[in-house]
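Please open the model in a viewer with side chains displayed.

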Amino acid sequence: MSTNLNVQISTEQAYPVFVDHDLTEIIRDCFNQSTTGTDRAIAVIDANVDMLHRQAYQELFQSIFNRVDWFVMPTGETEKNVENWKDVLDFALENEIRRNTPLLAIGGGVTGDLAGYAASAIMRGLPLYHFPTTLLAMVDSSIGGKTGINHHTGKNLIGAFYQPQAVFIETSRLSTLPEKEWLCGLGEVLKYATIAQPSLFDSVTELVSAEKWHTSGNLTKLIRDCIGIKVDIVQKDEKESGIRAFLNMGHTFAHALEAFTEYKAFSHGEAVFIGLVAATHLSRVSNGEVDEEKLLDFKQAYGLQTKKYIPLIDRIVTFMYKDKKMHNSNIRLVLLKAWGEPFLVESCTLNQIKSSWTYALENVNI
């Protein structure tokens, strides 16, 4: 039985998020009942997903659309750039799409972010549908309407808020997910554990200890719990003028590390894990009732080598000042009073931030 969560952005704007092992019939029904044109579609698909799941998606879409044009998106965070964004725009416009032509974003967070931003720009907005295929995209990036691409000065600095028409989360797609991508998604799940639902720490422990992660009996519930947290926050604060900022827990640290290493040394989830440890440490020394060990229990799963970056902390910190969440000249951080009790702060000193970097890079290292 599929789970259907409704994201109510406003009285005029809402969209469903479906979660199940297989959503074939629901996807067909949604398109048959929508006002979106079904004569054709543009599909933007991650290259790895194209290799593994293209045939299944083709068979599904052939029963819905008369024609589907496929753009294969290169894999990797470095590919979330202006050049590939422009290539998607060129591909769509040269294939003579119309304003009601749906854009189908199929893949992980990189594909969804870039394709979503393209959908927002083409003809001032194409109907966007997300088909996330990674744990990270399922629990986080496909929900909430944040789209964008990276710039050489920082992560996600170019983009727009653009909500999809629907999100289809099929957990069957996770059966081919490499372990590194599982860990990438777990970084975001752990974020939800810190800011909203500490019981998720136990769920993650169970998932990591499973022989095959995708066979965990509680996987669908875990995904749904995370989506529920994000939906609740996004409905209250679509454009991040208030509590949506809590979803950035650990991310100001993470984005700086990713940008400093040119998106080549760490996956997003690995960087988020390091950032969560740094932010939790800073919370504790600021009298928060939290203990970094809750997070460090997962460091063996990540298996990171981070101590070599300690002498480079001064340079890493410079990238924190380029983060889009900067307020005036202050680094804005999400900290914790206790597990599940986040708050925003702009008063941390540079020494406190550097000390938190040192703690995280020393202690996540194995």
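Select Phe 31 first: this residue is buried, with a relative accessible area of 1% (buried means under 20% relative accessible area, exposed over 50%, partly exposed in between, with a 1.4 Å probe and protein chains only). The model is predicted, so local features need pLDDT of at least 70 and side-chain atom pairs count only at pLDDT 80 or more, while totals for chains, interfaces and linings use all residues. Residues are numbered from 1 along each chain as its sequence is written, and side-chain values use heavy atoms, with hydrogens and water left out.

Rings of Phe, Tyr and Trp (its six-membered ring) pair if their centres lie within 6.5 Å; planes under 30 degrees apart count as stacked, over 60 as edge-to-face and the rest as tilted. This rule gives 18 aromatic pairs. Phe 31 belongs to helix H1 (residues 24-33) and Tyr 129 to strand S6 (residues 128-132), 98 residues apart. Tyr 129 is also buried, at 4% relative accessibility.

Next, select Phe 253 and Trp 357, whose ring centres are 5.2 Å apart with planes at 70°, so this pair is edge-to-face. Phe 253 is buried at 2% relative accessible area, and Trp 357 is buried at 0%.

Finally, select Arg 173, which lies over the face of Tyr 57, 4.2 Å from the ring centre (NZ of Lys or CZ of Arg within 6 Å of the ring centre and within 35 degrees of the ring normal). Lys 191 lies over the face of Tyr 192, at 4.7 Å from the ring centre.

How values were computed:
Helix = DSSP H or I, 4+ residues; strand = E, 2+ residues; numbered from the N terminus.
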